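Here's a two-chain model to talk through. Let's take it as a short chat.

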Amino acid sequence: MAYLIHKIDTLIPEDYPFVFCDANVWITTLKYFGSIVVNSNEQPYQDFIEAIINLNNETDPAASKRIKNRPKLVLTSILLSEIINAYMRNVAMKAFFGGGDTYKSKSFKNDYRDNPHSDFKQKLNDLCSDIIAFQDYTTYSGPK
Amino acid sequence: MAVLKIIDIINTPNAILHSFGLKVFEVASESISRNQSIVISFQGLKNITSAFCNASIGKLYLSFPNTSELLFFDGLEDNPIWHEKVQSSIELALNPEKIEQQNQAISDLLCS
């Protein structure tokens, strides 16, 4: 079966009414600090999501007429689960334990998720509110 | 004291992108770099994200050591989640090694 998978920096967002991005694109969009330098790995993702948001925000009547699509970012329950799982395990937990061997030796469930002294709940709530902040540009596909 | 309304700078009530945060940073840094106090107003916004706060407020704290004396906020009083996002971006900025660690963790995810 052939899949419609495109290289992100060659894709024109306006050509599609719906776009599905994987969890890593979402995590970069929601959480990247980028204040020291913008890493070349992240820039195409930042540019792509920005183009989608700008298409949706366009209010100039002349420009609006020329827009083929105002793409919505598709969210599914599996994608949401993957965003949360990948971020909490690979970014939030790593930051909490300071990375390195200490992080590698810890159990996600026992030492982070179920640890009342960890920042798990705060980071989870923060991530969920970041996702909800994109509500005007997303569409949910799947069971409610 | 000058009041910078975020919504007037980014022209949308959704302060959600890193690039929107950079626009606010550029405007605010003109005052902060001249030692002028400013208020950044969140009034009228519908949504904000961590990435926005990092690129605007976090970057101000990272770039100008006296930011804490010059920068004030309006519109966060009734929104504890937004307040927490702003505080988190400040905390990150005051600990640049954490920024590097977070950026690296995200980069590793992209390359995995």
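The questions below go from the interface to the core.

User: Before we start, what are the ground rules?
Analyst: This is a predicted model, where local features need pLDDT of at least 70, side-chain atom pairs count only at pLDDT 80 or more, and totals for chains, interfaces and linings use all residues. Residues are numbered from 1 along each chain as its sequence is written, chains are lettered from A and ligands numbered from 1 in the order written, and side-chain values use heavy atoms, with hydrogens and water left out.

User: What area is buried between chain B and chain A?
Analyst: Start with contacts (heavy atoms within 4.5 Å): 37 residues of chain B touch 40 residues of chain A. Buried area is the accessible area (1.4 Å probe) that two parts lose on being put together, summed over both. Carbon and sulfur atoms give 56% of the total, which is about 3,200 Å².

User: Which residue of chain A forms a salt bridge with Lys46(B)?
Analyst: The rule wants a side-chain nitrogen of Lys or Arg within 4 Å of a carboxyl oxygen of Asp or Glu. It finds four such bridges across the interface of chain B and chain A. For Lys46(B), the closest N and O atoms are 2.7 Å apart, and the partner is Asp136(A).

User: How many residues does the largest nonpolar core have?
Analyst: A core here joins buried (under 20% relative accessible area, 1.4 Å probe, protein chains only) Ala, Val, Leu, Ile, Met, Phe, Trp, Tyr and Cys residues through side-chain atoms within 4.5 Å. Those with the most contacts inside it include Trp26(A) and Phe42(B). Trp26(A) itself touches Ile83(A) and Phe134(A), among others. The core's residue count is 70.

Terms used
Buried < 20%, exposed > 50% of the residue type's maximum accessible area, 1.4 Å probe, protein only. Lists of a residue's contacts leave out its neighbours within four places in sequence.
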